[in-house]
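Let's take a friendly tour of a protein model, one topic at a time. Have a look at the chain below before reading on.

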Amino acid sequence: MTNRDTATLDDVARRAGVHPGTVSRVLTRPGRVNEKTAARVQAAVAAVGYRPNLAARQLAGGKTSRVAVIVPDITNPYFAEIVQEVQLGARDRSEAVLVADSRQAAPDELSAVESLSPNVDGLIVCSPVAALAMVRDAADGKPVVYVNRRGRNVAAVHVDQGAVVTVAVAHLRSLGHDRIAIVRGPSAFWSAEQRSRLAGKLGVAQLGPVSPTYEGGLALIDEIVDGAFTAVATFNDVTAFGVLGGATARGIRVPDELSVIGSDNIPFSAMTNPPLTTVDGRARQVGRAALDLLGSLLAGDSPRVVVVDPAMVTRSSTGVAS
């Protein structure tokens, strides 16, 4: 009986009745082994409890079986959901995930890419603020997938930012609001730029840009009151929480006097008082699409762009204009 803590490649080969080199190919280059043999080897791996030595595999074939995810703010549940989905998908592929927080700063982002790229097969960079050419150079040849950022000839997955604004404004106008403000996110964010552009076309006011944080939303309440706005659509749910907090502090009733819409539909958005109406950014779909795109790049495919459609989630923070 094989000890699961000491099982070797030879143990797997004997169990499967194949050469050890075949086992290695199944584990590192499965496309080069026929399906029946690969299935037999995988069954043997499970039976003897073999755990591949990732460092040895990297030295032997240049593969690390690791991917990196770089986010602008790990404390934001939207990015945490993306990371979790990437990790779930990577686990199914026997891959590990390394995570770094760039703090929405280009130097930190580039430093993270540069330090992680030698240790991973590819990277997923969420809402990058550095120039894409600089990110590519920092990755030193490793494939990169960008989340919520587009560029020429790069692999990317992003939520349809125009639709985020469109569905939010349409919802508020259906409730009779005409004094509507859109809250802009950080100027360096591609998504904020896209939303601002469409807001201008829709003829609604814009506030900000502000930090996509609770404090950023809290600081907006004076502008909202001064502008006599009856409805506000924020850059993300966390900013919306700040607006709700500011409204409570000023004695402004939501939604009777002010309707508030967030963006992302993070789990906490259903827990506020009142529960937050929001535009679902489908974080899990974004995370899985990003990992799939990275897999296609590693397989030699050309870069593609995946666009994810948002969805309106109506709760109690929006109401009929008074």
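Which side chain does a polar contact of 3.0 Å join to that of His-171? The partner is Thr-318. Before the details, a bit of housekeeping: this is a predicted model, where local features need pLDDT of at least 70 and side-chain atom pairs count only at pLDDT 80 or more, while totals for chains, interfaces and linings use all residues. Residues are numbered from 1 along each chain as its sequence is written, and side-chain values use heavy atoms, with hydrogens and water left out.

**The whole protein**

- The protein has 13 helices and twelve strands (DSSP runs numbered from the N terminus: H or I of at least four residues for helices, E of at least two for strands).
- Its C-alpha trace spans about 75 × 40 × 30 Å along the principal axes.
- Of the 322 residues, 52% count as buried (buried means under 20% relative accessible area, exposed over 50%, and partly exposed in between, with a 1.4 Å probe and protein chains only).

**Around His-171**

- You'll find His-171 in helix H8 (residues 161–174), and this histidine is buried, with a relative accessible area of 13%.
- The link to Thr-318 is a polar contact, meaning a pair of N or O atoms within 3.5 Å; within protein, one must be able to donate a hydrogen and the other to accept it, and residues adjacent in sequence count only if both atoms are side-chain atoms.
- Leaving out residues up to four places away in sequence, His-171 touches Ile-261, Thr-277, Met-312, Thr-314 and Thr-318 (contact means heavy atoms within 4.5 Å).

**Aromatic pairs**

- Searching the whole structure turns up two aromatic pairs (rings of Phe, Tyr and Trp, using its six-membered ring, pair if their centres lie within 6.5 Å; planes under 30 degrees apart count as stacked, over 60 as edge-to-face and the rest as tilted).
- Tyr-78 and Phe-79 have ring centres 5.7 Å apart and planes at 75°, so this pair is edge-to-face.
- Both Tyr-78 and Phe-79 are buried.
- For Phe-189 and Phe-235 the centres are 6.1 Å apart and the planes sit at 50°, so that pair is tilted.
- Phe-189 is in the loop between strand S6 (180–183) and helix H9 (190–202), and Phe-235 is in the loop between strand S8 (231–233) and helix H12 (237–250), so the pair ties together parts that are 46 residues apart in sequence.
- Phe-189 is buried at 5% relative accessible area, and Phe-235 is buried at 7%.

**Helix H3, side by side**

- In H3, the buried residues include Thr-37, Ala-38, Val-41, Ala-44, Val-45 and Val-48.
- Those residues cover an arc of only 120° around the axis, which puts them on the same side of H3 (the arc is that of the directions from the helix axis to the C-beta atoms).
- Over on the other side of H3, Glu-35, Lys-36 and Ala-46 are exposed.
- Just after H3 comes Gly-49, with a positive phi of about 75°.

- The peptide bond from Val-254 to Pro-255 is cis, with omega near 10°, and Pro-255 is in the loop between H12 and strand S9 (259–264).
- Another cis peptide bond joins Asn-273 and Pro-274, with omega about 0°.
- Gln-104 isn't a glycine, yet has a positive phi of about 60°; at 26% relative accessibility, Gln-104 counts as partly exposed.
- Ser-127 also isn't a glycine and has a positive phi, near 45°; Ser-127 is buried, with a relative accessible area of 6%.
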